[in-house]
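This briefing concerns the annotated domain, the sheet and the aromatic pairs of one protein model. Please consult the sequence and the structure while reading the points that follow.

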Amino acid sequence: MAQVRAAEANPPISLDTGIVEAAEAALGAISAARTEIGQVIFGQQKVVDLSLITLLAGGHGLLVGVPGLAKTKLVEAMGTVLGLNARRVQFTPDLMPSDILGSEVLDESTDGKRHFRFIKGPVFAQLLMADEINRASPRTQSALLQAMQEHHVTVGGERYDLPAPFHVLATQNPIEQEGTYPLPEAQLDRFLLEIDVAYPDREAERRILMETTGASEHKPVQAMTAETLMSTQRLVRRLPVGENVVDAILDLVRSARPGEGSDGAITDKLAWGPGPRASQSLTLACRARALVEGRLAPSVDDVVALAIPVLKHRVALTFAARADGETVEGIIGKLVERLG
């Protein structure tokens with residue numbers, strides 16, 4: 001039986017017996033899922049953990065990295081390991097909303113009567129990979145992102161609910177901008193985390209060479225079910241959050257808004273900042289990270305660790321700040337330092 005430990009929070013948090021029992025049941029499955037994904041994704045443990053945190057918190061993730069870093073393989077592995085029905089859509093400029101949502105076709109019955117029948121698109125999956133989402137037109141992007149927010153689609157005046165759970169892991173290439181349509185800020189805000197996928201280190205790349213170029217390759221096996229994932233998501237929302245963690249989240253998010261932070265040298269460099277959805281996302285993500293690490297409540301360390309993935313795509317710098325060589329990550333890092 002997996003052992004859980006309470007977060008080191010001051011003052012101590014009172015834990016409900018039901019939460020402890022539910023956590024004991026969930027931690028074994030989470031640990032098994034992490035291990036199984038790690039058998040096929042090498043040298044990207046932070047990316048794997050952030051992706052798991054995204055799903056455990058009930059959100060959607062944006063994976064940003066150059067080609068060839070196993071982003072697609074990660075999503076495929078997660079679908080298998082978590083027991084989710086996973087599908088992939090390769091986004092291109094000519095992709096239409098109906099290619100994702102589905103479309104109505106005219107059917108004729110044996111008695112000669114005609115009626116429309118809805119054929120579901122790939123969005124009707126529990127885990128959808130939106131590959132290179134910024135290559136699709138704004139019209140197609142908005143169709144998918146509306147489904148992400150509302151968890152249903154409307155076609156021909158009829159509402160069709162998406163399966164539960166429903167998650168989108170989208171990818172984006174940071175170096176190729178020709179023929180792309182950058183996601184508007186309001187649509188970026190619907191992603192819980194922006195996850196940077198970096199190059200693996202030398203030893204991880206050696207393992208990649210040895211284990212993926214032979215006659216056989218390890219295949220991930222299922223470690224969780226959709227029902228287990230949804231029960232864990234409900235558990236995440238029940239985890240208690242200490243007042244010091246809430247204050248840290250509010251201090252960080254509010255200080256990242258122009259004109260609200262106490263340090264004008266930082267806030268003057270911000271063109272716009274995160275809204276309340278960022279605070280909600282950070283709270284949920286901190287709870288999920290605590291559970292992934294075997295704790296029953298988040299700590300300020302979780303806020304620090306998740307500050308950049310939660311805020312990076314919700315903050316923009318002024319032209320003058322960019323001209324001075326400032327970066328969003330650098331500004332968020334300075335704000336995190338102020339938390340102590």
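UniProt, in an unreviewed entry, places the feature "domain: ATPase AAA-3" at residues 60–193. In this predicted model, the end C-alpha atoms of that span lie 7 Å apart. Residues 60–193 are 25% helix and 32% strand.

**Parallel sheet**

- An open sheet is formed by 5 strands in the order β2-β5-β8-β1-β9, with parallel pairing.
- Strands β2 (86–90) and β9 (193–196) each have a single partner strand and stand at the edges, so one side of each lacks a neighbour in the sheet.
- On average, neighbouring strands of this sheet are turned by 20 degrees against each other, direction ignored.
- Strand β1 (residues 61–64) runs parallel to β9 and is joined to it by 4 bridges; Leu-62 stands opposite Glu-194 in β9.

**Helix across the sheet**

- Helix α2 (residues 45–56) lies across β1, β5 (127–131), β8 (167–172) and β9.
- The helix α2 runs at about 165 degrees to β9.

**Aromatic cluster**

- The whole structure contains 2 aromatic pairs, and ring pairs link Phe-118, Phe-124 and Tyr-160 into a cluster.
- The pair of Phe-118 and Phe-124 is edge-to-face, because the ring planes are at 70 degrees, with centres 5.9 Å apart.
- Both Phe-118 and Phe-124 are buried; the relative accessible area of Phe-118 is 14%.
- The rings of Phe-118 and Tyr-160 have centres 4.1 Å apart and planes at 20 degrees, so this pair is stacked.

Methods. Residues are numbered from 1 along each chain as its sequence is written. This is a predicted model: local features need pLDDT of at least 70, side-chain atom pairs count only at pLDDT 80 or more; totals for chains, interfaces and linings use all residues. Side-chain values use heavy atoms; hydrogens and water are left out. Rings of Phe, Tyr and Trp (its six-membered ring) pair if their centres lie within 6.5 Å; planes under 30 degrees apart count as stacked, over 60 as edge-to-face and the rest as tilted. Buried means under 20% relative accessible area, exposed over 50%, partly exposed in between (1.4 Å probe, protein chains only). UniProt positions are given in the numbering used here, feature names are shortened, and annotations may be inferred rather than shown by experiment. Helices (H or I, at least four residues) and strands (E, at least two) are DSSP runs, numbered from the N terminus. Two strands pair if DSSP finds at least two bridges between them. Axes are lines fitted to C-alpha atoms, for helices over the stretch in contact, and angles run from 0 to 180 degrees between N-to-C directions. Contact means heavy atoms within 4.5 Å.
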